[in-house]
Amino acid sequence: MTTNTEQFTALMGKYRLSHPVSMDDQRYVLDSTRPSLTALLKRKGAYGAALGAVILLLGVFRKAGVSLTLVQAKIVAGLAAAALAAASVTGAVTATHYVKKKMDEQKKSDVEKMDIPLPDLKTNDQIRRHYSKLEEVYCDDGSRLVGAVISQDRKTIKVHTIHGVVQLPVNSVRKILVR
Amino acid sequence: MAYMEYYPVVYSSVLSRIQRREDADDICQEIFMIFFDKFETIENRRTWLYGAMKNVLYNHYRKKKMNVASVDDFDDVGLTFTNGFRDTRILIAEAMEKVECTEDERIILEMVATYNYTYTHVAEALGLSRRQVEYRYAQVVKRIQDYFSQKGIKDIAQLL
């Protein structure tokens, strides 16, 4: 097979039927195909960003040895755009969540940093008056605290009692009743 | 996407005639502008493109005041080289024209045999692998050889 092709090439050369294009020109032709198509479509007023993306994809796939039809390239471009949009939305949501989380953490730490001295409350009546409530906190181990729940997050709960502020793990609290 | 396949062949054909890239750029642009307008009505794209190329080239030569008798001069293999090889040239050109090929195979044949593109460059132009181009080219050459056999030429080497 190889001999035949070589002989045929030689035959074309001998009878001056070949018009060799230099390697430099070959490279130039291949590199200018896509830009010239873009220029043509612009001159015809048929060029748009979407079509530009399709042409770009066609060129990239061809260089990789994959021949796509225009329709196939459009589908690939559509899928790529959809994937890009989905990735952008996911990224935006993730970024928003991250920023919100950081802002919440900042707000929380700011509140915590506010060093407001708690009043010295010696009786349950004083606690009820100060917080407008009085609660009973029942723990899993059977113990009970009387006071006012002053803060709670996912892990801990703080109760102001007549003995001061007591911090408990949330999962150790069985129930809270209002007195 | 006919443009991507045919542009290298048409460009090479134009360049081999006028030798100037700037002119070849303009001429190809003009050919494909007309091609773009008439795309829907064209049945045989290759034939149409070569026909349009001849006309655009003829006009180009006229503008440059170069001497070309008629549009048909571009294709006449008998006229362009007449030092005793005329009949063989006609036979080879005829074999290339008549051999059964797909559109891609014909482009491969022209790019490799006529314009001496490397398999790698043809592969890049057509979105194929180098091995696919090499294989398809060998297949077409085999069919050309069969055509020669029908004309009584058993081996290509006989013509060399």
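**View 1. Helix 7 of chain B crosses helix 8 of chain B, their axes coming within 8 Å at roughly 105 degrees.** The axes are lines fitted to C-alpha atoms, for helices over the stretch in contact, and angles run from 0 to 180 degrees between N-to-C directions. Helix 7 of chain B is therefore roughly perpendicular to helix 8 of chain B (65 to 115 degrees; under 35 counts as roughly parallel, over 145 as roughly antiparallel and the rest as oblique). From helix 7 of chain B, the contact uses B:Tyr119, B:Thr120, B:Val122 and B:Ala123, while helix 8 of chain B supplies B:Arg130, B:Gln132, B:Val133 and B:Glu134. Two residues are in contact if their C-beta atoms, placed from the backbone, lie within 7 Å. By class, this contact has four nonpolar, two polar and two charged residues. Ala, Val, Leu, Ile, Met, Phe, Trp, Tyr, Cys and Pro count as nonpolar, Asp, Glu, Lys and Arg as charged, and the others, Gly among them, as polar.

This is a predicted model, in which local features need pLDDT of at least 70 and side-chain atom pairs count only at pLDDT 80 or more, whereas totals for chains, interfaces and linings use all residues. Residues are numbered from 1 along each chain as its sequence is written, and chains are lettered from A and ligands numbered from 1 in the order in which they are written.

**View 2. Chain B contains eight helices and zero strands.** Helices (H or I, at least four residues) and strands (E, at least two) are DSSP runs, numbered from the N terminus. Of the 160 residues of chain B, 32% count as buried (20 or more other C-beta atoms within 10 Å of the residue's own; exposed means 12 or fewer, and partly exposed lies in between, with C-beta atoms placed from the backbone). Among contacts in chain B between residues at least 6 apart in sequence, 47% link residues at least 24 apart.

**View 3. B:Phe35 lies in helix 2 of chain B.** B:Phe35 counts as buried because it has 22 C-beta neighbours inside 10 Å. Leaving aside residues up to four places away in sequence, B:Phe35 touches B:Leu49 and B:Ala52. B:Phe35 and B:Arg45 are 10 residues apart in sequence, and their C-alpha atoms are 8.7 Å apart in space.

**View 4. Chain B meets chain A through 44 residues of chain B and 38 residues of chain A.** Elements giving two or more residues to the chain B side include helix 1 (2-18), helix 2 (21-38) and helix 8 (130-150) of chain B. Helix 1 of chain B provides the largest share of that side, eight residues. The chain B side divides into 30 nonpolar, 10 polar and four charged residues.
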